[in-house]
Amino acid sequence: MRISTIFGRRAAVRRELEASRELLYRMAYAWCHDAALAEDLAHEAAEKALRRAGQLRDAEKLRAWLLRILANCVRDHARLRREHVELGVVEDIVAADGPTPEEAQASAQLALRVRRAVGELPLGQRQAVTLVDLEGCSYAEVGEILEIPIGTVMSRVCRARQALRERLASFASEALGARLRSVK
Amino acid sequence: MSEEHKVSDELRSAFVDGQLDAAEWARVAQFMEGDPALREDVGELRMLKDMVRHAYAVPPARASHIRRSAAAGWKSLAVAAVVFAAAGWFGHAWWRAGPALDPASAYALRGDWHALRGDWRSLDGNHVLVHVSSGSREALTMALDEVEDLLRSAHAARRSVEVEIVANSLGLDLLRADASAYAARIAALRREFPELSLVACGQTLERRRAGGGQVTLLPGTVVAPSALDQIVKRLRGGWIYVRA
């Protein structure tokens, strides 16, 4: 193999890892709402994935495979700590870097409020709905990732949405209205 | 049983997530035709989905106080990855694994103008079906504006595109030669863009004619057995679906 090919591949792999890093971190954060813990879980999942690379038979299913490893890490973590990952406080406000301060603020507030509502869901529902909404996973994929039947995926997503809707009903129209006004 | 309960909450969610097969999808779509409450409900679910996506679009920056040096950790992973690169699974279509349905129809099931505009650049498909079923002046005007915009931007980007407007229910007015509010504009569009085609729903036509109405369609309009037939046929052919 020519040396330039090796370097080219190394660069490509680096890029792929960057991509997986974002994916795993974002999903870990959506599940545990703790930036430090999310970073650790994402890292642990990537490490495990690399160690088990040989087990992956179907490259097309890589995303589901990685996320399943992450889900297992979350489960192990909860077991070790002898507690549910039913995290509490949603930290921080997103940095105000929107086009206008008002818009950024309204948008950050909405994000925060939605995260809070998501954080109040049972872990199973939280995982299912964020996999579908954030990553665009199919129900079949979610079933593989969380190792549950597809019917369970369907009902978890549905119940999660009902709960979110109830919790966000009042806020949604108000916040969206404000956001639209500020955008003009 | 009321209309509302014919489509369960689970089915509604699955509809919004693009997880129904063509037959189920057509069934829900059919109920939506005649049930404004259901349409509104589905709209709310879509909004909720967008809100969740938005809420995590920019997760908080990774903590700087993590137990171990994460940056160094990721670097070592990158090095370790090189070892596995030889096994061949990195080079593959990494994040391209899309939803279970084929990408075009999965996309199609949640298609609206907003989504289309956002995703247009990254979409491979060059066939867009615009489904018009509302008779409101606003909706019809907007549909034409969007179609015109789409055709113009495709031209500007030298991207060949085929657009088909499928009209049924109250949306049929758009294609009527005798309800002339839009006739001149559509004719001009068709002259400029031969890749725009018009399809009317045969069932809607039949119902109107049975009710004693005279309906003359714009020249060049094709009549399909029904709008749903046409839509399902196009979805199977990989067309992008947008509900106007």
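These legends describe close-up views of a predicted model. Residues are numbered from 1 along each chain as its sequence is written, and chains are lettered from A and ligands numbered from 1 in the order in which they are written. Local features need pLDDT of at least 70 and side-chain atom pairs count only at pLDDT 80 or more, while totals for chains, interfaces and linings use all residues.

**View 1. Chain A has seven helices and zero strands.** Helices (H or I, at least four residues) and strands (E, at least two) are DSSP runs, numbered from the N terminus. From that end, the elements of chain A read α-α-α-α-α-α-α. Of the 184 residues in chain A, 41% are buried. Buried means that 20 or more other C-beta atoms, placed from the backbone, lie within 10 Å of the residue's own. Contacts are pairs of residues whose C-beta atoms, placed from the backbone, lie within 7 Å. Among contacts in chain A between residues at least 6 apart in sequence, 64% link residues at least 24 apart.

**View 2. A117(A) sits in helix α4 (residues 101-119) of chain A.** A117(A) has 22 other C-beta atoms within 10 Å, so A117(A) is buried. Leaving aside neighbours within four places in sequence, A117(A) is in contact with L164(A), R167(A) and L168(A). R165(A) lies 48 residues away from A117(A) along the chain, yet their C-alpha atoms are separated by 9.2 Å.

**View 3. Helix α5 (residues 123-135) of chain A is mostly covered.** Eleven of the 13 residues of α5(A) are buried. Among them are Q125(A), V129(A), L131(A) and E135(A). At 1.5 Å a residue, α5(A) should span 18 Å, and its end C-alpha atoms are 17 Å apart, which agrees. The expected span is 1.5 Å times one less than the number of residues. After α5(A) comes G136(A), with a positive phi near 65 degrees.

**View 4. α5(A) packs against helix α3 (residues 36-55) of chain B.** The angle is about 85 degrees, and the axes are 9 Å apart. α5(A) is therefore roughly perpendicular to α3(B), a term for angles of 65 to 115 degrees. Axes are lines fitted to C-alpha atoms, for helices over the stretch in contact, and angles run from 0 to 180 degrees between N-to-C directions. From α5(A), V129(A), T130(A), D133(A) and L134(A) meet K49(B), V52(B) and R53(B) of α3(B).

Methods. A residue is buried if 20 or more other C-beta atoms lie within 10 Å of its own, exposed if 12 or fewer, and partly exposed in between; C-beta atoms are placed from the backbone. Two residues are in contact if their C-beta atoms, placed from the backbone, lie within 7 Å. Angles under 35 degrees count as roughly parallel, over 145 as roughly antiparallel, 65 to 115 as roughly perpendicular and the rest as oblique.
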